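Dear colleague,

I am handing over the structure below, and I would be grateful if you could look through it before reading on. My notes on what was found follow after it.

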Amino acid sequence: MLNNEEISANLADVREKIRLAAVKSGRNPEDIKLIAVSKTNPTDAIEAAAASGITVFGENKVQELNEKIDYFENKGCSYEWHLIGHLQTNKCKYIVGKTEMIHSVDSYKLASEINRIAEKNGVTVKILIEVNIGDEESKFGCRPENCENLIRQIALLNNIRICGLMCIAPFTENPENNRSFFRQMKDLSVDIERKNIDNVNMSELSMGMTGDYCVAIEEGATMVRVGTGIFGKRHYSL
Ligand SMILES: *Cc1c(COP(=O)(O)O)cnc(C)c1O
């Protein structure tokens with residue numbers, strides 16, 4: 001595990017790269033939200049990041065996310081939590097109402113279950129629609145060509161607020177390889193925004209991970225999800 005100084009140095013480096021990518025593309029660095037992806041990392045690592053001013057964290061598993069939320073709530077720390085990983089319908093009941101945003105909604109079935117529980121709990125849930133932009137068999141997400149239809153259906157659910165799109169671009173050593181995927185995401189988002197669908201807002205674009213977040217920002221990302229670039233390699237044994 002990285003020590004506090006290393007996590008703090010990584011964060012300074014990531015923040016500077018975000019700033020440079022924003023400036024390079026004529027954007028305000030403050031319009032880009034850094035989500036520190038803390039999955040598989042212990043609460044100590046989260047505390048180290050918090051000591052450097054990070055209060056927004058992303059997790060990809062419901063149980064791990066809940067344990068961390070409970071742990072920090074008990075300590076009186078109010079962090080913002082994002083569920084970024086695939087959500088199974090039968091797990092919605094454990095997470096609805098606890099997160100700032102669910103990034104990974106890719107079917108009407110999942111959305112309507114989130115909505116059902118949100119209604120029961122009297123909350124509104126902010127979500128992003130996950131798009132399988134690389135058309136990869138191994139990945140979740142709706143196909144780009146089905147995205148608008150899916151959004152039109154989900155927009156009718158009263159306790160859900162659609163805030164934008166999310167993607168996990170293909171794994172690559174060279175981030176330039178993903179530039180066209182990020183550009184397609186931005187185009188898709190602009191297209192859908194132009195349709196002026198009731199209850200649909202396309203202001204967020206969650207894309208870019210450790211290997212490609214600078215390119216994602218240049219292409220319009222408003223949220224980047226950085227894990228190993230902050231916390232070092234993951235700890236799957238935890
Ligand atoms: C793990 C994960 C990340 C972070 O990946 P890194 O390459 O470590 O930055 C981002 N998004 C999702 C959906 C993830 O599951």
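Please keep in mind that this is a predicted model. A search for disulfides across the whole structure finds zero. Cys 142, for instance, takes part in no disulfide, and the nearest cysteine sulfur, which belongs to Cys 147, is 4.1 Å away. Since a disulfide requires two cysteine sulfur atoms within 2.5 Å, the sulfur of Cys 147, at 4.1 Å from its closest cysteine sulfur in Cys 142, is too far for a bond.

The residues around the ligand include Val 37, Ile 84, Met 166, Thr 210 and Val 226, and the shell as a whole divides into six nonpolar, three polar and three charged residues.

Which atoms of the protein lie 2.6 Å, 2.8 Å and 2.7 Å from an oxygen atom of the ligand? At 2.6 Å there is an N or O atom in the side chain of Lys 39, at 2.8 Å a polar backbone atom of Gly 227, and at 2.7 Å a polar side-chain atom of Arg 234. Taken alone, the ligand exposes 390 Å², of which the protein buries 91%.

Note on methods
Residues are numbered from 1 along each chain as its sequence is written. This is a predicted model: local features need pLDDT of at least 70, side-chain atom pairs count only at pLDDT 80 or more; totals for chains, interfaces and linings use all residues. Side-chain values use heavy atoms; hydrogens and water are left out. A residue is near a molecule or strand if one of its heavy atoms lies within 4 Å of it. A polar contact is a pair of N or O atoms within 3.5 Å; within protein, one must be able to donate a hydrogen and the other to accept it, and residues adjacent in sequence count only if both atoms are side-chain atoms. Accessible areas come from the Shrake-Rupley method with a 1.4 Å probe; for residues, only the protein chains shown count as cover. Ala, Val, Leu, Ile, Met, Phe, Trp, Tyr, Cys and Pro count as nonpolar, Asp, Glu, Lys and Arg as charged, and the others, Gly among them, as polar.
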